[in-house]
Structure formats: structure tokens, C-alpha cells
There are 2 protein chains.
Amino acid sequence: MRRVAQALGVEAMSLYHHVEDKAGLLDGVFELVLGKLPPAPRRTTSWQRAVKERAESFRAVLLAHPRLVPLFATRPAVTVESLRHVEHSLELLKAAGLSARASLDAFQVVVAYVVGHAISTVRDPELETSGPDYAQLDAADFPRVTELVALLPTHDLDAEFQFGLELLISGLERRLETSRR
Amino acid sequence: MRRVAQALGVEAMSLYHHVEDKAGLLDGVFELVLGKLPPAPRRTTSWQRAVKERAESFRAVLLAHPRLVPLFATRPAVTVESLRHVEHSLELLKAAGLSARASLDAFQVVVAYVVGHAISTVRDPELETSGPDYAQLDAADFPRVTELVALLPTHDLDAEFQFGLELLISGLERRLETSRR
DNA sequence: ACCTGAACACCGTTCAAGT
DNA sequence: ACCTGAACACCGTTCAAGT
């Protein structure tokens with residue numbers, strides 16, 4: 001509060017005439033950022049592509065505000081603004097053939113994945129140093145980890161995200177196929 | 001630091017003779033909790049069951065310390081202790097037929113999902129009230145959300161977690177099947 | 001080697017007083 | 001209606017001084 005006030009050239013206490021408290025201010029930030037989500041497109045493609053597009057948009061918004069990712073991780077998305085997106089996503093899943101319950105599950109699961117992965121993406125790389133030196137590891141004891149360390153420099157977190165997203169969608173696909181029989 | 005010291009019946013500054021700083025203390029907590037992960041079992045079942053079991057164990061440890069979940073969300077797991085689990089998981093995936101790169105992707109993706117979902121599980125339910133009253137929503141404007149609200153009271157977050165986990169595993173399965181051809 | 005007290009530079013928030 | 005200053009109850013951390 002004190003720093004926000006300072007940035008506005010005003011005293012900290014003045015803010016309390018515009019927001020309830022710190023949580024209220026964060027609510028505002030939350031809704032503001034969520035408002036950057038591109039509007040739900042009219043249904044023109046497959047549900048697979050639509051789910052993918054929604055998840056990617058969400059990720060893009062999160063990565064555009066790395067400092068806010070922990071906020072999204074802690075705060076539930078229940079503003080009116082965000083409910084419009086929820087509605088669209090649930091509609092999408094139901095139209096694909098999922099039950100109401102399964103749509104809820106699928107939606108929550110994808111959101112959890114996007115947020116969880118965003119966290120690992122924006123993680124302060126400086127923190128990595130606090131761990132043990134990878135170089136000091138006995139390569140014989142940790143063959144797979146050693147292999148992994150060699151891969152890290154060229155590792156693409158966006159590709160990794162895509163990979164997991166496609167796993168989820170492909171899992172849903174298979175589930176729909178078997179339930180239709 | 002001040003409260004930890006107080007709980008130990010000592011002055012805050014005394015802690016600095018045992019840990020570097022607050023981050024160092026959190027590192028210790030982190031490793032301690034991670035140590036509660038059941039040891040990697042010998043390979044006796046399918047990789048599907050093994051991946052599922054590892055993810056469920058990780059979730060159980062997280063949920064046993066709800067206040068620490070945000071810590072796990074922010075801090076990378078690079079203690080020697082945790083690397084043993086990483087090694088085991090990567091070995092598991094490679095033995096299932098994934099390349100080193102795909103194993104890394106799969107591992108990270110599952111961890112992101114477990115952490116992301118744990119966050120939504122331990123989210124302070126008191127926060128939900130800060131959103132708009134679901135009751136005040138126009139049911140005609142939000143048919144799917146209205147449906148969802150009716151489902152919430154009987155919604156099982158553990159079942160939801162299982163659902164997503166199985167999607168990921170089933171997605172991996174399909175990927176392996178098609179790549180083998 | 002380990003602990004301590006005072007001090008510094010921060011927080012969010014209450015409350016009474018100003019315009 | 002909006003802003004302010006002083007004050008309260010907190011933080012993590014530095015530094016010099018104690019045993």
C-alpha cells in the first residue's frame with residue numbers, strides 16, 4: 001500500500017478511500033489483468049483447437065505479468081468478468097460431449113495445469129543456485145538427471161507447455177471415444 | 001523469523017547463527033517435507049501405475065502441509081534428497097519408452113499439474129466470498145456456470161485430481177502407442 | 001561459538017484531525 | 001468527500017556488544 005501510494009504521489013492512507021484494503025486492491029488488479037483475455041471466439045473450429053487456444057491465451061496473459069502469477073495461483077477467479085470465460089469453456093466441453101460433471105473436472109484440471117506450469121515458467125532462475133551443484137553430482141548415481149542437465153540449456157518451456165496441454169486434450173479425446181461406444 | 005524465534009523461546013537474531021537467512025530456513029523446511037515422500041518403490045507394476053502412485057504420493061505430502069503449498073509452488077526442487085525422486089521418475093518414463101527429452105517434458109508437466117492442482121485444493125475457501133454472489137447471476141446468461149454451482153457442494157477435489165492425472169497418463173499412453181508404429 | 005539489544009528500513013492498518 | 005500525520009503492531013536484517 002505504501003509503495004503504491006508513493007507511486008501515485010499520495011499518502012498511503014488515501015488509498016483506503018478507494019479500496020477496502022490490500023486484498024481489495026489485489027482483487028482489482030486481478031480483474032484488470034483477466035480483462036486482457038481475448039474474448040471468447042465464436043465456435044468455428046474443433047473443440048480440441050478451441051480448448052488449446054483458450055489455455056494458450058490464459059498462459060500468455062499470465063506470462064505477460066510474471067509478478068502476478070503467484071496472485072493467480074492463490075486467488076479464485078470469481079469476478080463477473082472471469083465467469084464469462086468460464087461459461088464459454090464449459091459450453092465448449094459440453095458441446096464436445098462431456099457431462100456437466102466431466103466438464104467441470106476438465107475445466108478445473110486444465111486451469112490447474114496452466115497455472116501450475118506458469119509458476120514453473122516464471123520461477124526466479126536465481127533461486128536455482130541455492131540447490132546442489134549439478135556438476136558435483138555423481139553421474140553414475142544419477143544417470144537420468146545427468147542426461148536432463150545436458151538437455152536443460154536447449155529446453156523450451158513453451159514447447160513443454162504444449163506437450164502437456166496436448167496430453168490433456170488427447171486424454172479427453174480418448175475418453176470421449178471410449179464413452180461413445 | 002521473529003515468530004519462529006519466539007516459538008523456540010529465543011531471540012530472533014539467534015536464528016542467524018543456524019541459518020543463512022529466511023530463504024535458507026525455508027530451504028530447510030522444503031527439504032524436510034520432501035523427505036516425507038515415500039521412497040521410490042522397486043519396479044513391480046506398469047509405468048502407468050507407477051507414475052500415478054508417485055503423483056499421488058507427492059499430492060499427499062503437499063496436502064499434509066497446506067500452508068507450505070505456495071512454498072513448493074515458488075521454490076525449485078533441487079535438493080539432493082529430491083533429485084533421488086527425480087531420477088526415479090525419469091528412469092520410469094524412459095523405461096516406458098519415452099526419449100530423454102520427452103521424459104523431461106512428461107515429468108515437468110506432471111509436477112506442474114500436481115502443484116497447480118494442490119494450490120486450487122488448499123485455496124482458502126473464505127476467499128470465495130470476495131467474488132460475486134453466484135445466486136445473483138442471471139441463470140439465462142450463464143447456464144453452464146449455474147449448472148456448475150449446483151454441482152459444487154458434492155464436488156470431490158480428489159476425484160478431480162485423479163481425473164486430470166489419468167488424462168495425462170492416458171495421453172502419454174496414446175503417444176507411446178502411435179510412436180511405436 | 002552462541003546469544004542478545006538496539007536500531008534500521010520496511011510492512012498494513014486504525015484513528016483523530018484536517019480541507 | 002477526500003486527504004493527512006501520528007501511531008500501532010508487525011516484518012527481516014545489520015551491527016556492536018555481551019557470555
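At 43% relative accessibility, Asp158(A) counts as partly exposed; here buried means under 20% relative accessible area, exposed over 50% and partly exposed in between (1.4 Å probe, protein chains only). This is a predicted model, in which local features need pLDDT of at least 70 and side-chain atom pairs count only at pLDDT 80 or more, while totals for chains, interfaces and linings use all residues. Residues are numbered from 1 along each chain as its sequence is written, chains are lettered from A and ligands numbered from 1 in the order in which they are written, and side-chain values use heavy atoms, leaving out hydrogens and water.

**View 1. Asp158(A) forms a salt bridge with Arg59(A).** The closest N and O atoms are 2.9 Å apart, where a salt bridge is a side-chain nitrogen of Lys or Arg within 4 Å of a carboxyl oxygen of Asp or Glu. The pair links distant parts of the chain, 99 residues apart: Arg59(A) is in helix 3 (residues 47-64) and Asp158(A) in helix 8 (residues 157-180) of chain A. Helices are DSSP runs (H or I, at least four residues), numbered from the N terminus. Arg59(A) is buried, at 4% relative accessibility.

**View 2. Arg174(B) forms a salt bridge with Glu177(A).** Arg174(B) lies in helix 8 (residues 157-180) of chain B and Glu177(A) in helix 8 of chain A, so this pair joins two chains. Their closest N and O atoms are 3.1 Å apart. Arg174(B) counts as buried at 18% relative accessibility, whereas Glu177(A) is partly exposed at 36%.

**View 3. Lys52(B) forms a salt bridge with Glu56(B).** Here the closest N and O atoms are 3.2 Å apart. The two residues are four apart in helix 3 (residues 47-64) of chain B, and therefore separated by about one helical turn.
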